[in-house]
Amino acid sequence: RVFSKDYANPRIYTSNVAFEQELYPDWALYADFTWSKGVHLTRFINVNRSGVFLFELGEVMTAKSAGKALYRAFTIGMRKRFSHGFQMEGNYVFSKDLDDDSNERDPFTDRSFDPNNLGLDYALSDRDIKHKFNFFTYAELPWSFQVNVRMQARSAQPITPTVRTATNRNTLRKNNEFFSFDWRVLRPIRLGERFKLTPMIEMFNTFNNDNNVNPLITPGLFNFDGFLRQGVGDPRQVQLAVRFEF
C-alpha cells in the first residue's frame with residue numbers, strides 16, 4: 001500500500017445560480033442550477049496488475065489523485081409561506097453526476113478497466129440519480145388538529161454490467177428506485193396554563209414500497225465504498241404516541 005509521489009489533496013469547485021419570483025402573496029416559484037467539479041480525487045490503482053513484477057510483488061495498490069467528477073443539477077419548485085394555517089413546498093430535481101471512480105472509501109479495490117488509460121472509466125457516477133421529487137405540507141385543521149404530509153421519490157441509480165468493457169461502466173440501472181409517503185396527525189390538548197397533552201398518529205412508507213437499498217446478487221463480505229446498506233428498505237410503519245409537556 002503506497003501513495004503516489006505526486007499525490008495532491010482533492011479539490012472541489014462549485015457554483016450556484018438561483019432565481020425566485022413571488023407569483024401571489026405567500027406563493028413563490030423558484031429555480032436553481034448547481035455546478036460542481038471535483039479534481040485530484042483519490043483513486044486506488046494496482047499498478048502491478050499486469051506488470052513485469054506481478055509474480056514477485058503481487059498487488060501494489062497505489063493511492064493516486066487522478067480522479068475527477070462533475071455534477072450538474074437543475075431544480076424547479078414552488079413554496080408557500082405559512083399563512084392562513086397552511087404551508088407547503090414541492091420541488092423537482094433533474095441532475096447528472098459523472099466521475100471516473102466512485103471508490104474513494106475502499107482502499108482494497110481497483111475498479112479501473114485499464115490502469116494505463118483511466119479515461120475509459122469516466123461515466124455516470126454510482127451516486128447518479130437523474131430524477132428527484134420532494135413535497136411536504138403542514139396544515140392546521142378545525143378543532144385544533146395538525147397534519148404533516150411528506151412525499152419523496154427518486155429514480156434508480158446506475159450499475160455496471162457483470163462483464164465490464166471499456167465503454168459500459170454504469171450503463172444499466174439498479175432496481176432501487178425510491179418512493180415514500182409519510183404523514184402525521186396530532187391534536188394538542190391543553191390542561192390549564194402549564195400542561196399540554198398531545199396524542200399523535202404517524203405512518204411511514206404508507207404504500208409499503210419495497211425501496212430496495214442496494215440490490216446485489218450476493219452481499220459483499222466487506223464494504224468500504226459508502227453503500228453499506230443492502231436489501232429491502234424500511235417497511236410500512238405506524239406509530240402511536242402521546243407527548244406530555246409541562
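Strand β13 (residues 195–204) and strand β14 (residues 237–245) pair in the antiparallel sense over nine bridges. Two strands count as paired if DSSP finds at least two bridges between them. Strands here are DSSP runs of E of at least two residues, and helices are runs of H or I of at least four residues, numbered from the N terminus. Within this pair, Lys196 stands opposite Glu245 in β14.

The model is predicted: local features need pLDDT of at least 70, side-chain atom pairs count only at pLDDT 80 or more, and totals for chains, interfaces and linings use all residues. Residues are numbered from 1 along each chain as its sequence is written, and side-chain values use heavy atoms, with hydrogens and water left out.

β13 also pairs with β11, in the antiparallel sense, over four bridges. Here Val185 stands opposite Ile201 in β13, and Trp183 has Met203 in β13 as its bridge partner. β11 (residues 178–186) in turn pairs with strand β8 (residues 146–154), again antiparallel, over nine bridges. In that pairing Gln146 stands opposite Leu186 in β11.

Strand β12 (residues 189–191) runs antiparallel to β13 and is joined to it by three bridges. Ile189 stands opposite Leu197 in β13. The two strands form a hairpin with three residues between them, and Gly192 in the turn has a positive phi of about 80 degrees.

The pairings are listed below.

| Strands | Sense | Bridges |
|---|---|---|
| β8 and β11 | antiparallel | nine bridges |
| β11 and β13 | antiparallel | four bridges |
| β12 and β13 | antiparallel | three bridges |
| β13 and β14 | antiparallel | nine bridges |

The protein as a whole has one helix and 14 strands. Its radius of gyration is 24 Å, whereas a compact globule of 246 residues would have a value near 18 Å. That radius is taken over C-alpha atoms, and the globule rule is 2.2 Å times the number of residues to the power 0.38. The C-alpha trace spans about 85 × 40 × 35 Å along its principal axes.

Of the 246 residues, 34% count as buried, meaning under 20% relative accessible area with a 1.4 Å probe and protein chains only. Among contacts (heavy atoms within 4.5 Å) between residues at least 6 apart in sequence, 63% join residues at least 24 apart.

Technical notes
Buried < 20%, exposed > 50% of the residue type's maximum accessible area, 1.4 Å probe, protein only.
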